[in-house]
Amino acid sequence: MLLLVAGTMTVLIVRNLFVATMLLGIVSFTMALIFVSLDAVDVAFTEAAVGAGISTVLYIGTLAMVGAQEKEKKTIAIGPLIICLAVGATLFYATYEMPAYGRATNPVQTHVAPRYIQDSPTEIGVPNMVTSVLASYRGYDTFGETTVIFTAGIGVMLILRQRRRRKQEEDEEEEEELRSSTSGSLTGLGSDHDLVPHVVAKLLIPFILVFALYVQFHGDYGPGGGFQAGVIFAAGFILYALVFGIDFARAVLDGKLVLFLMAAGVLLYGGVGIASMILGGAFLDYNLLADDAVHGQHLGILLIELGVGITVTAAMLSIFYAFVGRADIDIEQGD
Amino acid sequence: MFSEHFNYWVFIILLMLGLFTVMSRSNLIKKMIGLSLFQISVFLFYISMGKVTGGTAPIVVETLGNASEPVYSNPLPHVLILTAIVVGIATTALGLSLVVRIKETFGTVDEDEILALEEDS
Amino acid sequence: MIIYAVVAIAILVSIAMALARAILGPTSYDRILSANAIGTKTVLLIAVLGFLNGRPDFLDLALVYSLMNFIGTLAVLKYFKFGTLRGRLSASEKKS
Amino acid sequence: MIDLLLDVGTWILLIFGGVLLLITGFGLLRLPDLYSRIHAGGMADTLATFLIFTGLALQSGFTLVTVKLVLVIVFVFFTSPTSSYALAHASFVAGLKPDLKSYRDRDEEDE
C-alpha cells in the first residue's frame, strides 16, 4: 500500500501542472487511506476533507487564473539534486537509530501519552481521546491554530480583494479574451446541459449540511469535531457555488457575514477561556463552567469545538470567495 | 529489519521528492505542490510514530466484563497533525493567492522570468 | 475474516490499475476519470478495513470521502468546461 | 441457521463485488478510448459498491453502522453516475470524439 504512494509521488514530479493537481488529489486519497490503517481516524477524516476536496478546488481556482502550462526545461538541476540526496542519506542513516516502528515501548509512547489515554475518560468524560486532548489538554495550541486560520483567511482576502492595476501584459489579455469568448465564466450559471448535476446537487446539499452538523456534535464520541465539520460545511457551500454560480451562494451567505462569522468563532473560543477566568480558574479551564468538573469539561469542549467549526467554515468560504471572485473581476475587465 | 523501518523510508522518499520539487522547479505553483508533498510526508512520519502494533484507534470502546483492555494508539500525534493539516491548507491558500498576485503584476509565474524582469526594471 | 482481506486485496489491485491509467492516460479526462474511480474504491476500502479491524464505526469517513470525491470531480470539470485549457486538449487529441 | 445464511450471503456478495472491482480495474487499463473507460469506471464501480456494502450490512445487523452503510450506498448511487455523466458531457463538449477507429480496426480483424 505504501508503494502506491511512492509511485504516485514519482509521477507527480514529471507532468504538467494540471495533471499534477489531479495527482495531488489522488495522493491525498491514498494518504488518508494509510492514515486509516495506522489507526489515525480523525487525521484521515481531516486529510480526506481538506486534501482531496478543498485543496483541489483551490489549486484549480489558481490554475484558472494563472494558466496551466509549465515551461519545459531540459536541464536537470544538479545542485538541488545533490542537496536532496544528501538530506535523504542523512535521514536514512538516522532511521537506524530510530526505535522500531509500532513497538509500545518507544519513547514517544511512554512520555505523556499514557496519561492522556488512562485519565482522559475519567477526567474529561469524552470517549474520543483525540477530541479531549485537542480541546482540553492542549486547548492553548488549538486556540493558536484557530487564530492562524483566521489570520490566513483575512490575509487571502486582503491580498486578493485589492483592485488590480491597469498594467497588463499582452499575452494575459489574449488569454482573457479567450476566456470571455468561451461560453461562460468559471463561476457563471453554466450551460443548459448541466441539468443532472443541478438536480443531484439540490438533493444532496441539505444532507451534506446536516451531516456536517452531525460531525460537529458527534465529535466527542466518534471521529469528527470542529475542524472536520467546518471543512465539510464549507464544502457543501462550495458545491452549491460550483453548481449554481457564486452569486447564488453569496446571496445565501454574504461575504461580510462570512467575515463576521470568522471573527465570531475565534471570539467564542476566547470567550470561553475568559469566562472560565472570570469564574476563578485559569484561561480555558473548563472545570468551573458547570457545577461538576466532567460536566464542565463537556460544555467547554462543545463550545470551543463550535467556535473552531465556525471559524474554519468561514475562513474556507472566504478563501474560496476570494479566489473565485477574483476570476470574475478578471473577466469583467477582459470584456 | 525491513518492516521495522519501512514507514520511515517511505517518509524519507516523499520528503526528498517534495524538497527536490521545491528547489528545482522554477514554476511557483509547482513549488507550492512540492511544499504540499513535503507537508504530507511529515504527517506520515508523525502518524507512524504514534502507531502501536495491535493497537486500535484512540476512541474508548466499552469493554464487556472480562475482556482485556484494548491497546490504543498514541492520540497526541493525531492531534498535532489534525490541526497541522488545516493550518497547512490555510497557508497553502495564502501562498496561492500570492502566486495569483505575482501573476497579475509580472505576467508570469516562472521564477527565472520574474527575476529577469526585476533586473530589467 | 478472510473474505474481508481478500476483498481488500482485490480493491488494492484495482486501485493500482486505476493509478496506472492515471499515469498513462493520454488525455486529462482519463486522469479525472481514474481519480474519481480511485476515490470510489477508497470509500469501499475504508469500509472493508473497518470491518477487518473489527471497528466498523468509522463509516463517517467513507461518507466524507464520497462527498469530497464528488465535489472535486465537479470542480475540475467546471474548470475544464469554462477554463482556458482547451488548446492543450486538442493537441493531445491528435495523438490518440 | 440464520447466521450461517447471512454469512453465506455476505461471502457471495463480497466475492461478486471483488470480481467486479477487478473487472473495473482491467477495464480502466485496457479499453481503447475515454468513453468506454467511463463505462468501466462509472457503472461497474457503482454496482460493486452496492454489492460490497450490502454484504457488509448483512454482517452488521440492525445498528447505526447499517444506517450509515445505507447512507453511503445512497450517496454513491447519486454521485457516481452524476460525475460520470458530467465527465462524459464535458469531454464531449470539449470536442473529444469517441475513438471509433479502434473499433473499426478490431472489427476488420475479426472478419
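Predicted model: local features only at pLDDT ≥ 70, side-chain atom pairs only at ≥ 80, totals over all residues.
1. The interface of chain C and chain D is taken up here by its extent. On the side of chain C, 41 residues are in contact with 42 residues of chain D. The two chains bury about 3900 Å² between them, and 79% of that area lies on carbon and sulfur atoms. Within the share that chain C buries against chain D, C:Met17, C:Tyr29 and C:Leu33 supply 16%, which is more than any other three residues contribute.

2. Between chain C and chain D the rule finds 0 salt bridges, and the count of residue pairs in polar contact, with both residues at pLDDT 80 or more, is 2.

3. As to which parts of chain C face chain D, the elements that give two or more residues to that side are helix H1 (2–24), helix H2 (28–52), helix H3 (59–82) and helix H4 (86–95). Of these, H2(C) gives the most, with 13 residues. By residue class, the side of chain C that touches chain D divides into 28 nonpolar, 6 polar and 7 charged residues.

4. A polar atom of the C:Ser14 side chain lies 3.1 Å from the backbone oxygen of D:Leu21.

5. Turning to aromatic residues, a search of the whole structure finds 3 aromatic pairs over all chains. Among them is the pair A:Phe211 and A:Tyr214, whose ring centres are 6.1 Å apart and whose planes stand at 25°, so the pair is stacked; the limit for that class is planes under 30 degrees apart. Both residues lie in helix H10 of chain A, 3 residues apart, or about one turn of the helix. In their accessibility, A:Phe211 is buried, with a relative accessible area of 12%, whereas A:Tyr214 counts as partly exposed at 27%.

6. A further pair is formed by A:Phe233 and A:Phe237, with ring centres 6.0 Å apart and planes at 45°, so this pair is tilted. Because A:Phe233 and A:Phe237 are 4 residues apart in helix H11 (residues 226–244) of chain A, about one helical turn separates them. A:Phe233 is partly exposed, with a relative accessible area of 24%, while A:Phe237 is buried, with a value of 11%.

7. A:Val210 lies in helix H10 (residues 195–218) of chain A and counts as exposed, because its relative accessibility is 54% and the exposed class begins over 50%. A:Val210 and A:Phe233 are 23 residues apart in sequence, and their C-alpha atoms are 8.8 Å apart in space.

Note on methods:
Residues numbered from 1 in each chain as written. Chains lettered and ligands numbered in written order. Heavy atoms only, no water. Contact = heavy atoms within 4.5 Å. Buried area = accessible area lost by both parts, 1.4 Å probe. Salt bridge = Lys/Arg side-chain N within 4 Å of Asp/Glu carboxyl O. Polar contact = N/O pair within 3.5 Å; in protein donor to acceptor, adjacent residues only side chain to side chain. Nonpolar A, V, L, I, M, F, W, Y, C, P; charged D, E, K, R; others polar. Buried < 20%, exposed > 50% of the residue type's maximum accessible area, 1.4 Å probe, protein only. Phe/Tyr/Trp six-rings, centres within 6.5 Å; stacked < 30°, edge-to-face > 60°.
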